Amino acid sequence: ASPLSQAVARLDSPPAPLAGWEEIRGSGLQARLPDSAKVVRLGSFPWLQSAGVDVAAGDKFFEHWSQQGATVIGLSREQSLLGAIALRDLPKERARDVVTQLQRSGKKVFLVTGDNRQTAAAIASHVGIDPANVFAEIRPEGKVAVIKDLQQRGERIAFGGDRVAFQCKLLRAGSAYEPRAQSAMEVKDADMTAGALIETGRPL
């Protein structure tokens, strides 16, 4: 599970009596109330909106925390927004130094994330990543297209993140894998790691 989903799971609340759980990849979760068959959703605001949920009541909350670099998710029942949760991956003290070292060595640093544009921009600004190198609101399957685009520009790709095994699969999916031309950093030994850059997500 991702750090953010683990943070939500740690919230102190009794299990919800829901049935028919379904994960909507890159968006959230939905299930049904067993006594009424009403749909309950927990996930990103854009996804909730696309499902017909009125998220207007959470707009100010969303804007405020997104600008602070947090990921905001909403809880809804049918078309009503019941609440919102802000979670944030906190860059560690050395994050900006690591990015700076990579840039000074001639490497470009990109941020590819499923977070919204405001959150991605805030994180990139905090650690010193060029705004032009930020790809926001990218679903898991969309990262392959980002990889292909960068490769077509002549870039050699290396990954750092909390799901490096998954990133390596994306790397291979993005092109005919050539060890000479492509590389994927294992987080255990690389300086550019999730542990070096990001604190585990937690509710605010």
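User: Among contacts in the chain between residues at least 6 apart in sequence, what share join residues at least 24 apart?

Analyst: In this predicted model, the share is 58% of the contacts between residues at least 6 apart in sequence. The chain itself has eight helices and eight strands, and buried residues make up 38% of its 204 residues.

User: What is the mean pLDDT of the chain, and where does pLDDT stay under 50?

Analyst: The mean pLDDT is 76, with 71% of the residues at 70 or more. Residues 175-204 are the stretch where pLDDT stays under 50. For that stretch the model has 81 contacts beyond four places in sequence.

User: Let me turn to helix packing. How are two packed helices described?

Analyst: By two values: the angle between their axes and the distance between the axes. Here, helix 4 (residues 95-104) packs against helix 5 (residues 117-127) at an angle of about 75 degrees, and their axes are 8 Å apart. Helix 4 is therefore roughly perpendicular to helix 5, since angles of 65 to 115 degrees count as roughly perpendicular.

User: Which residues meet where helix 4 packs on helix 5, and how do they divide into nonpolar, polar and charged?

Analyst: From helix 4 come Ala95, Arg96 and Val99, and they meet Ser125, His126 and Val127 of helix 5. Of the residues in this contact, three are nonpolar, two are polar and one is charged.

User: Next, aromatic rings. How is a pair of them described?

Analyst: A pair of aromatic rings is described by the distance of the centres and the angle of the planes. In this structure the count comes to three aromatic pairs. One of them is Phe45 with Phe62, a stacked pair with 5.1 Å centre to centre and 20 degrees between the planes.

User: Where in the chain do Phe45 and Phe62 lie, and are they buried or exposed?

Analyst: Phe45 belongs to helix 2 (residues 45-50) and Phe62 to helix 3 (residues 59-67). The two are 17 residues apart, and the pair links distant parts of the chain. Both Phe45 and Phe62 are buried.

User: Why is the pair of Phe61 and Trp65 tilted?

Analyst: The ring centres of Phe61 and Trp65 are 6.5 Å apart and the planes stand at 55 degrees, so the pair is tilted. Stacked needs planes under 30 degrees apart and edge-to-face needs over 60. Phe61 and Trp65 both sit in helix 3, four residues apart, or about one turn of the helix. Phe61 is partly exposed at a relative accessible area of 31%, and Trp65 is partly exposed at 22%.

User: Helix 3 also holds Asp59. How far is Asp59 from Phe45, in sequence and in space?

Analyst: Asp59 and Phe45 are 14 residues apart in sequence, and their C-alpha atoms are 9.2 Å apart in space. Asp59 is partly exposed, with a relative accessible area of 39%.

User: Now the backbone. Which residues have a positive phi although they are not glycine?

Analyst: Glu78 and Glu137 are among them. Glu78 has a positive phi of about 55 degrees, and Glu137 has a positive phi of about 55 degrees as well. Glu78 is in the loop between strand 4 (71-77) and strand 5 (80-88). Glu137 is in the loop between strand 7 (134-135) and helix 6 (143-152). Glu78 is partly exposed, with a relative accessible area of 29%, and Glu137 counts as partly exposed at 38%.

User: Is Ile138 buried or exposed, and with what is it in contact?

Analyst: Ile138 lies in the loop between strand 7 and helix 6. At 17% relative accessibility Ile138 counts as buried, because buried means under 20%. Leaving aside neighbours within four places in sequence, Ile138 is in contact with Val112, Thr113, Gly114, Lys143 and Val146. Ile138 and Gly26 are 112 residues apart along the chain, yet their C-alpha atoms are separated by 8.5 Å.

Definitions and conventions:
Residues are numbered from 1 along each chain as its sequence is written. This is a predicted model: local features need pLDDT of at least 70, side-chain atom pairs count only at pLDDT 80 or more; totals for chains, interfaces and linings use all residues. Side-chain values use heavy atoms; hydrogens and water are left out. Axes are lines fitted to C-alpha atoms, for helices over the stretch in contact, and angles run from 0 to 180 degrees between N-to-C directions. Angles under 35 degrees count as roughly parallel, over 145 as roughly antiparallel, 65 to 115 as roughly perpendicular and the rest as oblique. Contact means heavy atoms within 4.5 Å. Ala, Val, Leu, Ile, Met, Phe, Trp, Tyr, Cys and Pro count as nonpolar, Asp, Glu, Lys and Arg as charged, and the others, Gly among them, as polar. Rings of Phe, Tyr and Trp (its six-membered ring) pair if their centres lie within 6.5 Å; planes under 30 degrees apart count as stacked, over 60 as edge-to-face and the rest as tilted. Buried means under 20% relative accessible area, exposed over 50%, partly exposed in between (1.4 Å probe, protein chains only). pLDDT is the predictor's confidence in each residue, from 0 to 100.
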